[in-house]
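Keep the sequence at hand as you read.

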Amino acid sequence: MAIEEAQTSVVTAVSIPEDENLDATLRPKMLSDFTGQEHLKKSLQVFLQAAKQRGEALEHVLLAGPPGLGKTSIAMIIARELSASIRITAGPVLTKVADLAAILTNLQEGDVLFIDEIHRLNRSIEEVLYPAMESFALDLVVGQGPGAKTLRIDLPQFTLVGATTRVGMLGAPLRDRFGMTYRLDFYDVDEMKVILARSAQLLGLKIEEDALFEIARRCRRTPRIGNRLLKRVRDVAQVGGHGVVTSDVVAQTLELLHIDEMGLDMSDQMVLSTIIEKFNGGPVGLQTLAMVCSEEERTIEDVIEPFLVQCGFLVRTPRGREVTDAGRAHMAR
């Protein structure tokens with residue numbers, strides 16, 4: 001009874017906004033449709049084929065990297081390649097052992113379980129995952145005190161796909177139980193052009209090559225952001241009565257969104273300008289920076305910083321964050 005109630009609290013019916021429906025439409029369906037991350041695709045294709053030939057579940061997969069690079073899409077692709085069902089949840093949602101037990105006991109043979117932000121799992125829940133991942137068994141304690149008993153429930157073979165932006169926060173026992181670990185990198189401009197061209201076709205949007213390049217160059221090399229910008233460009237083109245999207249339409253859209261020529265949005269620019277103006281370029285600690293910018297520490301560390309470091313505008317030192325000469329030059333324009 002407790003497990004059934006926990007399952008109800010974890011899986012809730014919600015109305016999906018239009019943009020999320022579009023995001024689902026734009027996601028690649030199979031590994032052959034996925035652009036970029038060649039190191040991942042090459043090895044994952046082999047392991048998927050081997051698992052299918054043996055008729056077994058794929059070994060557990062850990063996907064690490066900044067938000068928006070395709071971790072959820074890859075989890076869905078794995079399920080489709082295996083012709084399996086996928087159950088999706090997130091680390092912060094699983095607050096009780098009964099929550100996880102409810103999901104695990106309802107899995108079918110060969111199913112894929114995707115846990116986003118797996119580094120935010122409670123340690124007690126992590127410990128329940130150990131035997132589930134290794135022996136496909138669920139160990140539960142029934143009762144309290146001297147009369148307490150351990151109940152072992154056999155589980156069907158399944159594949160756990162975990163996604164994390166902070167692989168270092170995962171406990172070693174959990175991390176070592178993943179058969180494959182992949183790090184997703186930012187995409188280059190050519191890869192982004194291919195992704196955006198496919199998305200434009202799915203959206204029925206006619207777009208010039210120069211306009212496509214401009215979005216690819218200024219989307220932080222992140223597919224989620226690129227597709228979001230493409231949808232906003234479509235809005236501007238529709239309102240302006242433009243049959244074909246030109247570079248001028250893209251420039252107008254990005255100006256409305258306050259995105260500069262390097263793809264830095266208002267949050268990125270605020271972080272850089274705060275460090276330069278209030279701390280003379282740094283170093284400054286993360287907690288102080290978050291307080292001054294009125295931004296969450298996790299947002300700065302997981303979303304804003306990775307791209308600024310990739311651009312060479314920011315460095316993280318033992319003493320704190322510092323803006324580089326390139327960062328100063330960019331903000332001085």
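Start at Ile-78. Setting aside residues up to four places away in sequence, Ile-78 touches Leu-44, Leu-48, Leu-58, Val-61, Val-112 and Val-161. The model is a predicted one, and every contact here is computed from it.

The largest nonpolar core has 64 residues, and Leu-44, Leu-58 and Ile-78 touch the most other members. Helix α10 (residues 223-240) gives the most to this core, with six residues. In soluble globular proteins, nonpolar side chains tend to be buried together. There is also a second, separate core of 26 residues; among its members are Ile-115, Leu-121, Leu-138 and Phe-158.

Now turn to the strands. Strand β1 (residues 61-64) pairs with β7 in the parallel sense, over four bridges. Leu-62 has Thr-181 of β7 as its bridge partner. Which side chains of β7 (residues 180-183) are buried? Met-180 and Tyr-182 point to one face and are buried.

Next come the aromatic rings. A search of the whole structure finds two aromatic pairs. One is Phe-136 with Phe-158, an edge-to-face pair at 5.6 Å centre to centre, with 80° between the planes. Phe-136 sits in the loop between α6 (123-135) and β4 (137-142), and Phe-158 in the loop between β5 (149-154) and β6 (159-164), so this pair ties together parts that are 22 residues apart in sequence. Phe-136 has 19% relative accessibility and counts as buried, because the cut-off is under 20%. Phe-158, at 1%, also counts as buried.

The other pair is Phe-186 with Phe-307. Their ring centres are 6.1 Å apart and their planes lie at 65°, so this pair is edge-to-face. Phe-186 lies in the loop between β7 and α8 (189-203), while Phe-307 is in helix α14 (residues 297-311), so the pair ties together parts that are 121 residues apart in sequence. Both Phe-186 and Phe-307 are buried.

Finish with a charged residue. Asp-260 is found in the loop between α11 (247-256) and α12 (266-279). Asp-260 is buried yet has no salt bridge. Leaving out residues up to four places away in sequence, Asp-260 touches Arg-218, Gln-269 and His-330.

Notes: Residues are numbered from 1 along each chain as its sequence is written. This is a predicted model: local features need pLDDT of at least 70, side-chain atom pairs count only at pLDDT 80 or more; totals for chains, interfaces and linings use all residues. Side-chain values use heavy atoms; hydrogens and water are left out. Helices (H or I, at least four residues) and strands (E, at least two) are DSSP runs, numbered from the N terminus. Buried means under 20% relative accessible area, exposed over 50%, partly exposed in between (1.4 Å probe, protein chains only). Lys and Arg count as positive and Asp and Glu as negative; His and the chain ends are not counted. A salt bridge is a side-chain nitrogen of Lys or Arg within 4 Å of a carboxyl oxygen of Asp or Glu. Contact means heavy atoms within 4.5 Å. A nonpolar core is a set of buried Ala, Val, Leu, Ile, Met, Phe, Trp, Tyr and Cys residues joined through side-chain atoms within 4.5 Å. Two strands pair if DSSP finds at least two bridges between them. Rings of Phe, Tyr and Trp (its six-membered ring) pair if their centres lie within 6.5 Å; planes under 30 degrees apart count as stacked, over 60 as edge-to-face and the rest as tilted.
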